[in-house]
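Welcome to a short tour of a protein model. Please take a moment with the sequence and the 3D view before reading on.

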Amino acid sequence: MQRVRATPLSLCIALLLLPPLARAGDAPAYLFGWGGLGTGPGRFDHPYDIVLDGEGYVYVSDQWNNRVQKFTTDGTYVSQWGGFGSADGQLFHPVGMALSPAGELYVAEAQNHRVSVFTTGGAFLRRWGERGSLAGQFGHPIGVCLDASGFVYVADASNARVQKFTPGGTFVAAWGGPGITHPYGVVADPAGNILVADYYGGPLSRYTSAGGFLGFFGAAGSGPGELFSPHGMEFDPFGNLFVVDTGNDRVQQFYPSGAFLTMWGSDGSAPGQFAVPTDVATDPEAHVYVADWDNSRIQVFGYLPTPVRPAAWGSLKARYRR
């Protein structure tokens with residue numbers, strides 16, 4: 001997940017509104033959750049990804065229901081779109097998502113082997129890709145992100161590579177390399193480099209936007225700061241990185257240097273526990289939204305007692321957007 005960098009004024013406002021940086025070992029408290037297994041509005045069948053926009057709305061890729069659902073920050077259902085199929089506007093296992101500053105929602109469809117683009121109201125705009133291993137083709141695309149220049153990066157899982165496109169879907173480049181065997185997550189860091197989370201890996205791998213390997217981030221394992229089958233990632237306004245440590249059923253947070261900051265979660269279905277979590281998102285008030293995939297729910301954590309209402313987001317809408 002990636003958001004456009006803040007203007008100096010909006011970032012100063014964010015620094016005033018956000019609580020102090022957590023100390024190592026501090027973890028956000030469970031606030032509330034919503035969802036549960038089902039097909040009706042507001043229910044989920046394995047929610048995979050979460051995107052927040054600058055207006056205070058939350059978008060969830062409801063993978064096995066083959067749709068995207070839209071909510072307010074307190075979990076109130078707003079709308080949905082998609083439906084099983086391969087025609088324009090239909091979806092087949094939507095997974096990773098990214099939102100551009102222009103309000104275009106990019107959705108990776110794992111089983112249609114393509115990327116579809118919608119407005120935040122659900123209107124279909126365009127799509128590209130098909131099954132294959134040539135440039136611009138996909139083998140189960142999972143993660144998707146945008147960088148500050150608007151380029152789109154897709155974790156092409158079965159082809160063991162990352163592909164780079166223009167916003168319109170024109171192929172630019174592709175690369176594999178260390179730490180890329182079955183990539184599930186991609187995110188652009190504040191410097192414009194691309195971090196890749198691999199389903200079979202532990203540490204994250206970091207590349208330039210042109211595909212040059214820069215090194216690893218984190219380590220493999222189950223201890224603090226170690227990762228097992230990481231999926232979704234997101235940077236907060238301070239450059240700290242949240243990583244969904246899927247194989248360990250928890251979320252971890254790291255300093256920009258890669259040093260461990262905090263973690264929370266364990267295997268289970270009680271509040272604050274996870275069953276195969278897949279994605280994480282943050283809002284301007286330091287709330288953390290987690291897609292709890294196998295529990296078919298969204299959970300919200302934070303250092304503040306309640307989530308903000310959409311009206312409170314106005315002054316920060318230019319800050320960080322997917």
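## Two loop residues

H93 sits in the loop that runs between strand 5 (77-82) and strand 6 (94-99). Strands (E, at least two residues) and helices (H or I, at least four residues) are DSSP runs, numbered from the N terminus. This is a predicted model, in which local features need pLDDT of at least 70 and side-chain atom pairs count only at pLDDT 80 or more, while totals for chains, interfaces and linings use all residues. Residues are numbered from 1 along each chain as its sequence is written, and side-chain values use heavy atoms, with hydrogens and water left out.

Back to H93: its phi is near 60°, a positive value in a residue other than glycine. Is H93 buried or exposed? H93 counts as buried, because its relative accessibility is 18%. Buried means under 20% relative accessible area, exposed means over 50%, and partly exposed lies in between (1.4 Å probe, protein chains only).

D249 is another loop residue, placed between strand 21 (241-245) and strand 22 (250-254). Although D249 is not a glycine, it has a positive phi of about 55°. D249 is buried, with a relative accessible area of 13%.

## The protein as a whole

Now for the wider view. The protein has 1 helix and 26 strands. Of its 322 residues, 58% count as buried. The protein exposes about 11,300 Å², and carbon and sulfur atoms supply 57% of that area. Accessible areas come from the Shrake-Rupley method with a 1.4 Å probe; for residues, only the protein chains shown count as cover.

Contacts can also be sorted by separation in sequence. Among contacts (heavy atoms within 4.5 Å) between residues at least 6 apart in sequence, 49% join residues at least 24 apart. F260 belongs to strand 23 (residues 260-264) and counts as partly exposed, at 26% relative accessibility.

## Salt bridges

Side chains of opposite charge can pair when their charged atoms come close. Here a salt bridge is a side-chain nitrogen of Lys or Arg within 4 Å of a carboxyl oxygen of Asp or Glu. How many salt bridges does a search of the whole structure find? The search finds 8, and the table lists some of them.

| Pair | N to O distance |
|---|---|
| E109 and R114 | 2.7 Å |
| D189 and R206 | 2.4 Å |
| R250 and D245 | 2.6 Å |

In the pair of E109 and R114, E109 is buried at 0% relative accessibility, and R114 is buried at 3%.

What about the pair of D189 and R206? The side chains of D189 and R206 meet in a salt bridge. D189 lies in the loop between strand 14 (183-188) and strand 15 (194-198), and R206 in strand 16 (residues 204-207), so the pair ties together parts that are 17 residues apart in sequence. D189 counts as buried at 5% relative accessibility, and R206 does at 18%.

For the pair of R250 and D245, R250 is buried with a relative accessible area of 6%, and D245 is buried at 0%.

## Pockets and cavities

Finally, look at the spaces in the model. On a 1 Å grid over the protein atoms alone, a cavity is a set of points where a 1.4 Å probe fits but cannot get out, and a pocket is an open set with protein on both sides within 12 Å along at least five of seven lines; lining residues have an atom within 4 Å of a point. Grid points are joined across faces, edges and corners, and a volume is the space filled by probe spheres set on the points.

The largest pocket holds about 340 Å³ of space. Its lining has 22 residues, of which Y48, I142, Y184, Y199 and H231 lie nearest the centre. By class, that lining has 11 nonpolar, 11 polar and no charged residues. Ala, Val, Leu, Ile, Met, Phe, Trp, Tyr, Cys and Pro count as nonpolar, Asp, Glu, Lys and Arg as charged, and the others, Gly among them, as polar.

There are 5 cavities of 30 Å³ or more. The second largest cavity has a volume of about 100 Å³. Of the 15 residues that line the second largest cavity, D49, G143, G185, G232 and D279 lie nearest its centre. Strand 14 gives the most to this lining, with 3 residues.
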